[in-house]
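Take a first look at the chain and its ligand.

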Amino acid sequence: MASTYLLTDLPKIKEFWESVGSDSTSKKPEITPGIAPHDALYYDRLKEVWADFCDTIGVNKSSTEERLSKSALILRREMVKKKYEVQDRSQVIETSSVNRGLQWLFTIPLGSQLSTYEKHLDYLSAALGGVDIEIESAGVGLGRMLARTVDPLEGSRDVAIYHSLTSETAVRMGRREDGQDLYIDMADAGHTIIQGQTRSGKSVFLYGLLSQLAYVDCVKIWGIDPNHVLLGPFRGLTPQIVLGTDPLAHLELLEEFVARMDSRIASLVTEGIEKISDFTPESPVEVLVLEEYASIIRGAEIYDCTQKPADRVGNKIKALVARIFAEGAKAGMRVILVIQRADASLVDGSTRANAVNRLTMGVDNGDAVRMLHPGASPELIEAITHFKNGRLFASIQREDTIAQADYIDYQDYRRAVQLSETAPAPIDYP
Ligand SMILES: Nc1ncnc2c1ncn2[C@@H]1O[C@H](COP(=O)(O)OP(=O)(O)OP(=O)(O)O)[C@@H](O)[C@H]1O
Ligand SMILES: [Mg+2]
């Protein structure tokens, strides 16, 4: 059998704890990126990980208490501290380097079976820093395992609709190049701009984000969507959604959002606090999604051609959006602006400067990259211009990484949003 889990996949970890009967789910698994299996250091590490792995799954007759006290995190820490010299345990007796990986032979102690290891391979894979693992028998009392490195960016995982361990408002969006999960946390102050050429994966990224946020009680979604697709599933669930191309309706929604922002800012002053950072269902973080922003602005400009100056809406819309970018963060108001290219004519410099999350999916030229990431190197630009669907360069809270976005298809997204009204999140990880 083979399994590929580059990271500790949280539902798998949960399953793991259930299978060993642990009640220590309050301990957060903390997974750091692994060392490549062809690295010499890995050999030593393997032995330590192996000993702990065997302890944890119980193939070396360690006491129940000892097993129960181990979490993935402890396993990580302990393995550097401990030296194991017990003889009646499973041991790695030979390691050899193979293409992109490592193969090792291990003893299977009396009373244990290969299937015991097999059941927990995902966990071992995660503990080794994310590798593809295969296992087979190598004779009586012997097993052979093969661990290979895999490209963390290869292939998209499914969007996981569950809450993160660290924060209810943080949602898993993809996998980073270092093998760790990419998170976006709406509680973090700041706005988001997502750019990428047509078919690069912007909308799918939003499906992933919104299908998860829909389940978070302390997040309230607002939005404008000229073509009905992205925000259509929210119709009937929240009144703060405008579908279609009517510029007056767009303007009205933005005015409402700004009025809400102003009243929150006023309450900050009366309460003597600097910014809202604790969110509750009564006082949620309010997230305004502007899908196809260029078409919102162009629609307004076309409308304006036939209007008297006082009735024109294009500049008003831009000015309101600029105000939200400048002042919304402290008031617990966020914007997610989606656009094919964050051109200066549509998104001005100060608006871009106020976006602390800047995501660029595939674009066809360097100017577009530099628009959001002025310091991008020629190598990075080259990489971005060759991005496949769902690949992105993410600068989140000023931390930069390349990542592969998780995938969810439109029907699943629609269903997730619709069900969020009545049901708790499908997987509610503690
Ligand atoms: N994370 C992903 N993993 C795998 N495939 C993806 C991913 N994201 C998008 N795709 C594929 O790319 C296609 C286009 O994605 P999407 O509709 O999100 O593009 P877009 O950037 O919103 O384009 P447009 O600007 O035209 O609206 C999807 O239909 C899907 O097949
Ligand atoms: Mg789209």
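The paragraphs below go from the whole chain to single elements.

This is a predicted model: local features need pLDDT of at least 70, side-chain atom pairs count only at pLDDT 80 or more, and totals for chains, interfaces and linings use all residues. Residues are numbered from 1 along each chain as its sequence is written, while chains are lettered from A and ligands numbered from 1 in the order in which they are written.

Start with confidence. pLDDT is the predictor's confidence in each residue, from 0 to 100. The protein chain averages 80, and 77% of its residues score at least 70. Residues 1–14 fall below 50, yet this stretch has 42 contacts in the model beyond near neighbours in sequence. A contact means two C-beta atoms, placed from the backbone, within 7 Å. Residues 426–430 also stay under 50 in pLDDT.

Now the whole chain. It holds 14 helices and 15 strands. These are DSSP runs, numbered from the N terminus: helices are H or I with at least four residues, strands E with at least two. Of the 430 residues, 44% are buried. Buried means 20 or more other C-beta atoms within 10 Å of a residue's own; exposed means 12 or fewer, and partly exposed lies in between, with C-beta atoms placed from the backbone. Among contacts between residues at least 6 apart in sequence, 71% join residues at least 24 apart.

One residue shows such a link across the sequence. T192 is found in strand β8, residues 191–195. T192 counts as buried because 22 other C-beta atoms lie within 10 Å. Beyond four places in sequence, T192 touches I336, A355, N357 and L359. T192 and R352 are 160 residues apart in sequence, but 9.0 Å apart in space, C-alpha to C-alpha.

β2 pairs with β3, residues 101–107, in the antiparallel sense over six bridges. Pairing takes at least two DSSP bridges. T95 stands opposite W104 in β3.

Helix α14 spans residues 410–420, and its buried residues are Y413, A416, V417 and S420. They cover an arc of only 95° around the axis, so they sit on the same side of α14. The arc is that of the directions from the helix axis to the C-beta atoms. These buried residues pack against α7 (202–213).

α7 returns at the ligand. It gives the largest share of the shell around ligand 1, three residues.
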